[in-house]
Amino acid sequence: MKINYLPIITETTKNTFFDYVDSLDIPQIDYFAIGIQNSVTRKSISLMSRQEWQKHFVLNQYAEFDPIRRVTFNTKRNMIPFKEIDFLDNYGKEIMRQRALMGIKNGIILMERFLKYNYMITLATDYSQFDAFDFIKRHHDKIKFLKNDLIQLVEKDASQFLPVELLKVKDKEI
């Protein structure tokens, strides 16, 4: 069995992440995740603010069939609202249902793409009427800072996760 997803387990990163997201006050958003994807090997690591969802995700080996993870690997878009994600199959639909049961019903994925790796930030809510584009318009500056902060937070984990040759030269953004 090949493993294409693991949670970030570095204690300092986890502690800083939870302290940071606990201090945030972004209307409607109550779930945060930051991930690093190797677009060559299609492996990823992440840290999710709902630890019970992260445990459930790993235990049930959802990574291969997760519609959110699939869409981020298979598109060049940098902003992907949950409402625009195709479940592809019944398993994907079930993963999204399980996610919604844990209060991650609607949201937006923000990507920072480089040649061989990506940072993936997920902002989500239990609010079913969440409008991703209106949210981005109203909170653009806050989101920009949040995105940069979360990327900086997991950079050291990226250096351990990504092959050394990918990090020797800063990749040009796509």
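The model is predicted.

1. Asp157. A salt bridge needs the nitrogen and the carboxyl oxygen to be within 4 Å. Asp157 is placed in helix 5, residues 132-161.

2. Surroundings of Asp157. Its side chain makes polar contacts with two threonine side chains: Thr10 at 2.5 Å and Thr13 at 2.7 Å. Leaving aside residues up to four places away in sequence, Asp157 touches Ile8, Thr10, Thr13, Ile36 and Ile45.

3. Six strands make up an open sheet with mixed pairing, and their order is 1-3-2-6-5-4. Strand 1 (5-7) and strand 4 (79-81) each have a single partner strand, so one side of each has no neighbour in the sheet. On average, neighbouring strands are turned by 20° against each other, direction ignored.

4. Strand 1 and its partner. Strand 1 pairs with strand 3 (residues 43-48) in the parallel sense, over three bridges. Tyr5 has Ser44 of strand 3 as its bridge partner. Helix 1 (residues 11-23) packs on the sheet, where it touches strand 2 (31-38) and strand 3, and its direction makes about 50° with that of strand 3. Helix 2 (residues 51-59) also packs on the sheet and touches strand 1, strand 2 and strand 3; here the angle with the direction of strand 3 is about 155°.

5. Strand 2. Eight of the eight residues of strand 2 are buried. Tyr31, Ala33, Gly35 and Gln37 point one way, while Phe32, Ile34, Ile36 and Asn38 point the other way.

6. Neighbours of strand 2. Strand 2 runs antiparallel to strand 6 (residues 117-125), with eight bridges joining them; Ala33 has Thr122 as its bridge partner there. Strand 2 also runs antiparallel to strand 3, with six bridges, and Gln37 stands opposite Ser44. Strand 2 and strand 3 form a hairpin with four residues between them, and Arg42 in the turn has a positive phi of about 60°.

7. Arg50 and Asp30. The whole structure holds nine salt bridges. One of them joins Arg50 to Asp30, with the closest N and O atoms 3.5 Å apart. The two residues are 20 apart in the chain: Arg50 is in the loop between strand 3 and helix 2, and Asp30 is in the loop between helix 1 and strand 2. Arg50 counts as buried because its relative accessibility is 16%, under the 20% cut-off. Asp30, at 38%, counts as partly exposed.

8. Arg97 and Glu94. This salt bridge has its closest N and O atoms 2.9 Å apart. Both residues lie in helix 4 (residues 90-101), three residues apart, which is about one turn of the helix. Arg97 is partly exposed at 42% relative accessible area, and Glu94 is partly exposed at 28%.

9. Lys105 and Asp126. In this salt bridge the closest N and O atoms are 3.8 Å apart. Lys105 is in the loop between helix 4 and strand 5 (106-113) and Asp126 is in the loop between strand 6 and helix 5, so the pair ties together parts 21 residues apart in sequence. Lys105 is partly exposed, at 39%, and Asp126 is partly exposed, at 39%.

Note on methods
Residues numbered from 1 in each chain as written. Predicted model: local features only at pLDDT ≥ 70, side-chain atom pairs only at ≥ 80, totals over all residues. Heavy atoms only, no water. Pairing = 2+ DSSP bridges. Axes fitted to C-alpha atoms, helices over the stretch in contact; angles between N-to-C directions. Contact = heavy atoms within 4.5 Å. Buried < 20%, exposed > 50% of the residue type's maximum accessible area, 1.4 Å probe, protein only. Polar contact = N/O pair within 3.5 Å; in protein donor to acceptor, adjacent residues only side chain to side chain. Salt bridge = Lys/Arg side-chain N within 4 Å of Asp/Glu carboxyl O.
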